[in-house]
Amino acid sequence: MTERGPSGTASNVASYGEGDRQRFADLERRLRETEDALRLSTGKLRMALEIGKIGSWERDLRTGEVTGSATFKATLGLPLDAPLNYEEFLKLIHPGDMDRMNQAIVFALKTKTDFNVEHRVIRPDGRIGRVLVRGGAIFEGEEPVRLMGIIQDVTAREQAKEDMHSAQRRQEFLLTLNDQLRSLEDPDAIMETTAKSLGRFLKVDCAGYGEVDEERGVILVEREWSKGAIGNEGRAYRLYDFLPTMMAELKQGRPIFVEDIRSDPRADNPEVQAAYSTINARAALAVPLLKNQKLTAVLYMHTSQPRAWFGDELSLVEDVAERTWTAVEKARAERDLRETDARFRLIAESLPALVWILNPKTELLYTNERWVTYSGLPREEALGHSWTRAIHPDDMARMSEELVPVVTLHTPYTTEARYRSHEGHYRWHLIQGAPIHFSTGEFKGWVGTSVDIHDLKVTEDALRKSEEQLRIALQAAKMGDWTWDSVTNMVSHSDRAAEIVGAPLGSSVRPEEIRDRIHPADLPHMIKTKEKAVATGQPYSVQYRMRRFNDGAEIWIATQAQTTQNEDGTLVTSGIIQDITESKQAEERQQLLIRELHHRVKNTLATVQAIVGSTARTASSIDEFYQGFVGRIVSLSRTHNLLTEDLWQKAALEDLIQTELGPYEDGARNRITVEGPHVELPSEAAVPIGMAIHELTTNAAKHGALSTFGGQVEVRWRVEPGEERPVLHFTWTEHGGPRVSTPTRQGFGSRLLQRVLATQLQADVSMNFPEEGLRFAMTMAIPGQPTIFNPDRSES
């Protein structure tokens, strides 16, 4: 039995050995496959964590040792090789968040659930960051032995939220300030409101808006806010007392910053220190406002404690200064107009807008012919409340609510609404109304205009739709991928990527060939961005221009990529590219169109405002004002018609003259002589010159050569080369009319001819009044043609 036992065992091993070896081989194969899958999964996890900038960590609850990935160490501001235990880790947590973090971990251990907590960290260099930590515990039986999880730096996200909140507060402040200023008519009240609102918003001790008297070197301040108290009495500050170079710097448009006057090297003079001490100021900010390159006003503020001034605060103060100046000048102009004629009624039959006057019951007392034509109503039915029936029901419902405080408080009103035409079509109009008061303060109603902005609204809607379509198209755009291998130093493109850059399908190119085709202005930034990404192991994103391989066409490229290192030390960069040329071009066209629309509307309104003000100052009666104003508006309209025929770029001088003098030519065609070469004037010159020709023609028809039989007018001009631009020599000569003498007072026409032409066009103007007839001469450099958006012309 003893001998037979071993012999039997050997027999069993021999009989089952072959099957065991097969099972062992299967187990080893499955083990290798499992290990390979584990390495692949681990690699994917590592890449996902790196791309998402997420760090992993572990904490041994028995030893207190804390370990983590490179991203974990970088998030905490620690060197990669720095050892870390739990006590040292706790020192990095912000004291204000310690209890909250401990409670989250204790609860997770007690309930055997994961914890998720966001808290601040204090890095070794003193910087404070914010991190998001997620994790859970590993148990042996009922005892937790290890915590593990991930960490993500969310500092940038929180800073972005804070910046967005700050920008939103500034926007809300500006909107509120606009609403406040829009309702004020007193310039001093506007200055007061600005100073008080801005001072409280920026939390300073004192704020004021003052106008500059350069001769005396002082700021004249009507209202100054200080801790909620307004000093109504005017004050004057000598600028030289606060800094010797203050006036010079403000005149150059540079704001003045003082963060602490006691340590400011510019204020080593005891007298300067005394000046700041007098107003109890340690820190100060002064923002200049220049108009026509002249220092006009200063918006200033100061505090009794040192303070740093930030860029967004400066931008806000500059914006408020501009708004304040605009509001003050507007209020002064309106006040002067009311004082000149309290019952002034705006009559503008030729104005390209609906012009109307409402009584306190919002009934139409007057409307121009344009409203009668547009509405299709008989004139006797176009008054009263006819306007309410023409407005779109949805807009009328909104306006009914908006008009309650306007009617009650007699305030200005601005809105947009759709008017129904006699054809049944609705068109958008910008409605603007202003209250009318007598000098006694009695309220008489509103005067206003309704300007057709339908085409502008359609354009804006088209722009918005275009932007939305562009956004959708970019989301759905196909992108191409590429790869660079450090071993071969070749860049391989997918078919889509090759199509974008114009390379042959399936080909590879060297990086140097690509660099040679990148725009020289974009190449340094692209190289620097890529080198930094390679050094840090982080992904990068960059945009640049390049010439396509196949046709040399320049395109915009957006690329995102990341460089990784293989186990053998070689580098591989993988990325995607996208052709963003169309989006770049669309952005440029949209911005150009918007700037052009704003520019044209602003110029037209400024010209009409100047005509209204100047005509009112020289008219002695409503009828005289009406005749003068209508004539000038018609002239402006004719000039605009000539300009719009060429997309507002230019008008011929001969056309401007013939437009005005043509009706006065007789059958023999010997009363008027017009002689000169073809000259095209850009809009900035055509408008004032067209108005000047209108004034000369009107004067000749009323008092000069065209007022009697046999009178003649000769208009001649010539163009000579100048230093920078051609020079126009223009003469207007009258003879054969009544005897002429020098006028005793200067009217609108004289001011236009002698001031506007000289100021706006830098023209040399002369007017002589010999007995035989008026002689007018003008010499000016012809302005260059302005750049304007024209969709019908090809772009270079």
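Reader: How many aromatic pairs does the structure hold?
Author: This is a predicted model, and the structure holds nine aromatic pairs.

Reader: How is a pair of aromatic rings described?
Author: By the distance of the centres and the angle of the planes.

Reader: What about Trp-57 and Phe-115, then: what are their distance and angle?
Author: The ring centres of Trp-57 and Phe-115 are 6.4 Å apart and the planes stand at 35°, so this pair is tilted. Trp-57 belongs to strand 1 (residues 54-60) and Phe-115 to strand 3 (residues 115-122), so the pair ties together parts 58 residues apart in sequence.

Reader: Are Trp-57 and Phe-115 buried or exposed?
Author: Both Trp-57 and Phe-115 are buried.

Reader: And why is the pair of Tyr-237 and Tyr-300 classed as it is?
Author: The planes of Tyr-237 and Tyr-300 are at 75°, with the centres 5.9 Å apart, so the pair is edge-to-face. Tyr-237 lies in strand 9 (residues 235-238) and Tyr-300 in strand 12, so parts 63 residues apart in sequence are tied together. Tyr-237 and Tyr-300 are buried.

Reader: Which residues form one aromatic cluster with Tyr-237?
Author: Phe-242, Tyr-276 and Tyr-300 form one cluster with Tyr-237.

Reader: Which lysines sit over tryptophan rings?
Author: Lys-457 has its charged end over the ring of Trp-428, 4.6 Å from the centre. Lys-530 lies over the face of Trp-484, and the distance to the ring centre is 5.6 Å.

Reader: Changing topic: in what order do the strands of the antiparallel open sheet come?
Author: The order of its five strands is 14-13-17-16-15. Strand 14 (364-367) and strand 15 (413-420) are at the edges with a single partner strand each, so one side of each has no neighbour in the sheet. On average, neighbouring strands of this sheet are turned by 25° against each other, direction ignored.

Reader: How many bridges join strand 16 and strand 17?
Author: Strand 16 (residues 426-437) and strand 17 (residues 443-452) pair over nine bridges, in the antiparallel sense. One of the bridge partners in strand 17 is Gly-445, which faces Ile-436.

Reader: Which strands does helix 13 lie across?
Author: Helix 13 (residues 393-409) lies across strand 15, strand 16 and strand 17, and runs at about 150° to strand 15.

Reader: What is the order in the open sheet with mixed pairing?
Author: That sheet has five strands in the order 25-27-28-30-29. The twist from one strand to the next averages 5°.

Reader: How do strand 25 and strand 27 run, parallel or antiparallel?
Author: Strand 25 and strand 27 (residues 712-720) run parallel and are joined by four bridges. Thr-673 stands opposite Glu-714 of strand 27.

Reader: Which strands does helix 20 touch?
Author: Helix 20 (residues 653-661) packs on the sheet and touches strand 25, strand 27 and strand 28 (727-735), its direction making about 170° with that of strand 27. Helix 21 (residues 683-702) also packs on the sheet, touching strand 28 and strand 30 (775-781), and makes about 10° with the direction of strand 28.

Reader: Lastly, how many helices and strands does the protein have?
Author: The protein has 22 helices and 30 strands. Of its 796 residues, 39% are buried.

Note on methods:
Residues are numbered from 1 along each chain as its sequence is written. This is a predicted model: local features need pLDDT of at least 70, side-chain atom pairs count only at pLDDT 80 or more; totals for chains, interfaces and linings use all residues. Side-chain values use heavy atoms; hydrogens and water are left out. Two strands pair if DSSP finds at least two bridges between them. Helices (H or I, at least four residues) and strands (E, at least two) are DSSP runs, numbered from the N terminus. Axes are lines fitted to C-alpha atoms, for helices over the stretch in contact, and angles run from 0 to 180 degrees between N-to-C directions. Contact means heavy atoms within 4.5 Å. Rings of Phe, Tyr and Trp (its six-membered ring) pair if their centres lie within 6.5 Å; planes under 30 degrees apart count as stacked, over 60 as edge-to-face and the rest as tilted. Buried means under 20% relative accessible area, exposed over 50%, partly exposed in between (1.4 Å probe, protein chains only). A charge sits over a ring if NZ of Lys or CZ of Arg is within 6 Å of the ring centre and within 35 degrees of the ring normal.
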